[in-house]
Amino acid sequence: MTRYANPGSDGAIMAYESRYDHWIGGEYVPPAKGQYFENPTPVNGQPFTSIARGTAEDVERALDAAHAAAPAWGRTSAAERAGILNKLADRMEENAEALAVAESWENGKPVRETLAADIPLAIDHFRYFAGAIRAQEGGLAEIDSDTVAYHFHEPLGVVAQIIPWNFPILMAVWKLAPALAAGNAVVIKPAEQTPASIHFWLSLVADLLPPGVVNVVNGFGVEAGKPLASSPRVAKVAFTGETTTGRLIMQYASQHLKPVTLELGGKSPNIFFDDVSSADDDFYDKALEGFTMFALNQGEVCTCPSRALIQRGHYREFLDAAVNRTEKIVQGHPLDPATMIGAQASNDQLEKILSYLDIGRQEGAEVLTGGERAELGGELAGGYYVRPTILEGRNDMRVFQEEIFGPVVAVTGFDGFDDAISLANDTLYGLGAGVWTRDGSTAYRAGRAIQAGRVWTNCYHAYPAHAAFGGYKSSGIGRENHKMMLDHYQQTKNLLVSYSPKKVGFF
Amino acid sequence: MGTGPSRVTLTPAAAQLIRQLRGVHGAVMFHQSGGCCDGSAPMCFPEGELVTGEGDVLVGELAVDGVDEPVGFWMSAEQFERWRHTHLTLDVVPGRGSGFSLEAPEGVRFLIRSRLLTAEELEGL
């Protein structure tokens with residue numbers, strides 16, 4: 001298949017507007033201070049649209065709109081809300097290719113991933129929560145023959161959601177779908193690195209949403225994110241990002257006694273036991289792909305399997321095969337369906353990755369492949385490309401301990417089960433992990449022993465809506481996905497009812 | 001500031017940006033972030049914006065020409081345990097954010113460059 005044309009060029013299947021304002025109360029509203037910022041594509045570093053530079057005034061206006069909309073929205077029936085979520089999904093499905101191209105252009109990720117993963121998962125997420133809210137029931141408990149405790153689910157009201165840049169549409173949908181299903185109105189602040197994708201999404205679906213139920217305020221964290229996260233007018237803050245900002249959001253929320261959910265990343269171990277290499281079959285091939293998953297989305301995934309732990313019995317042969325598989329990764333124009341790895345999302349992200357390759361070398365890690373910026377030239381000159389990189393070293397090196405958020409995996413060996421678990425858990429984080437073995441007992445014991453919220457077992461980087469996702473340790477608080485997510489966006493109302501005419505007898 | 005070895009220093013470009021931010025926002029502080037997205041990067045806040053506590057280490061106090069007060073550079077203690085063998089240099093690159101760091105709207109981003117501390121430096125620290 002040929003390459004998709006760049007958005008807005010001849011033959012393109014989608015185009016961005018030249019400028020986006022804030023989406024507030026069902027209409028576009030210019031920023032109070034009249035300022036905009038340029039939004040470059042990582043594909044070639046060139047700006048392609050400008051974005052409203054929001055401030056506290058804009059956040060207040062969005063909160064006004066959300067508070068105006070929340071009561072009526074919260075009273076709609078579950079069937080009505082589910083109907084809207086399903087229509088959102090249908091509209092996205094009809095425009096899946098255009099959404100995939102839009103997200104690829106803004107983020108730099110290959111369109112083969114947005115076509116196969118980001119957009120289909122986002123569509124399914126709306127459908128999942130449409131189903132979950134229809135099937136959700138309250139409860140009743142018979143306290144005694146004349147006393148009943150009824151439990152109702154009620155929406156929180158107006159919630160704030162701060163979206164990361166690595167999956168601009170999917171991460172927005174992860175937060176939007178449960179919040180809307182539960183009956184909340186939302187104010188969203190997209191990442192300043194990827195502020196435009198959600199506006200293209202809105203151009204497709206805005207007519208399906210009652211005004212004020214979804215509001216989008218763009219801008220920088222310090223100017224727009226902070227007033228949103230610290231507002232006493234939000235009932236909850238959901239954030240995906242890093243630890244220091246996560247702490248700040250908790251700190252702000254504590255001042256108003258508001259709950260938060262935080263997803264703060266990881267340094268996920270991917271463990272390959274000796275028996276993986278006991279046959280050269282489909283499973284062995286799958287395990288090698290599982291190793292190479294560190295390059296998915298250019299490594300810009302909170303659960304990137306960025307530490308590969310390989311048992312010493314097959315260490316060298318498996319690692320050689322893994323290097324070989326990694327070197328087959330096709331790097332190129334993100335809108336070419338043959339491209340497997342595209343551009344890093346921003347220049348500072350590129351610089352940070354290069355700084356880690358530097359300290360990794362200084363600490364004595366050996367570069368088995370990659371290890372440098374990729375200068376692709378031509379129309380991709382100026383883009384932010386890094387060669388898929390395998391570093392071999394020790395688990396106490398910085399490149400084994402900090403999230404690089406690039407296509408970089410740090411590899412070391414282990415001697416047996418206990419050593420594997422010890423290394424896997426020797427990290428501040430606990431978001432994801434991978435376990436690869438042909439032995440079901442080993443897989444189960446390893447999965448239970450690893451301190452991480454999700455342990456992919458003989459698979460990796462699958463994100464079905466019906467599986468809970470979230471972190472242990474410094475990786476965050478709360479979960480995303482799964483119907484349990486509704487609890488994060490609902491209050492519990494208990495009506496404790498006595499049907500007895502008799503007094504208690506105290507007074 | 002003593003004359004012994006330090007754990008953290010800064011480039012002239014970083015010093016210039018701190019002077020600029022100091023002029024707009026008043027005294028500032030840094031906290032080294034970890035984790036995903038914009039993690040593994042230093043965050044710059046108005047002094048005292050992030051409440052530090054027992055779980056944090058003051059890695060160093062940066063002396064910046066033209067800024068009266070030392071600029072504190074903090075890190076969570078558990079992260080410091082895994083970084084303590086390295087020397088950090090605060091630098092600036094063109095970039096886009098993020099978190100709530102003060103410099104993001106300027107189109108630049110603070111960045112940490114690292115090297116191993118020498119045996120002599122470790123002795124003196």
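Predicted model: local features only at pLDDT ≥ 70, side-chain atom pairs only at ≥ 80, totals over all residues.
Residues are numbered from 1 along each chain as its sequence is written, and side-chain values use heavy atoms, without hydrogens or water.

Start by selecting residues 31–494 of chain A: an unreviewed UniProt entry annotates them as "domain: Aldehyde dehydrogenase", and such annotations may be inferred rather than shown by experiment.

Next, colour domain 1 (19–264 + 475–493) and domain 2 (269–457) separately; the bounds come from an automatic or database assignment. Their C-alpha centres lie 30 Å apart. Domain 1 brings 23 residues to the contact and domain 2 brings 33, with contact meaning heavy atoms within 4.5 Å.

Now look at the interface itself. About 2200 Å² is buried between the domains, 57% of it on carbon and sulfur atoms; this is the accessible area (1.4 Å probe) lost on putting the two parts together, summed over both. The rule finds 10 residue pairs in polar contact, both residues at pLDDT 80 or more. Here a polar contact is a pair of N or O atoms within 3.5 Å, one able to donate a hydrogen and the other to accept it, and residues adjacent in sequence count only if both atoms are side-chain atoms.

Finally, select helix 3 (96–107) and helix 4 (111–135) of chain A, the elements giving two or more residues to domain 1's side. Helix 3 has the largest share, four residues.

Notes
Chains lettered and ligands numbered in written order.
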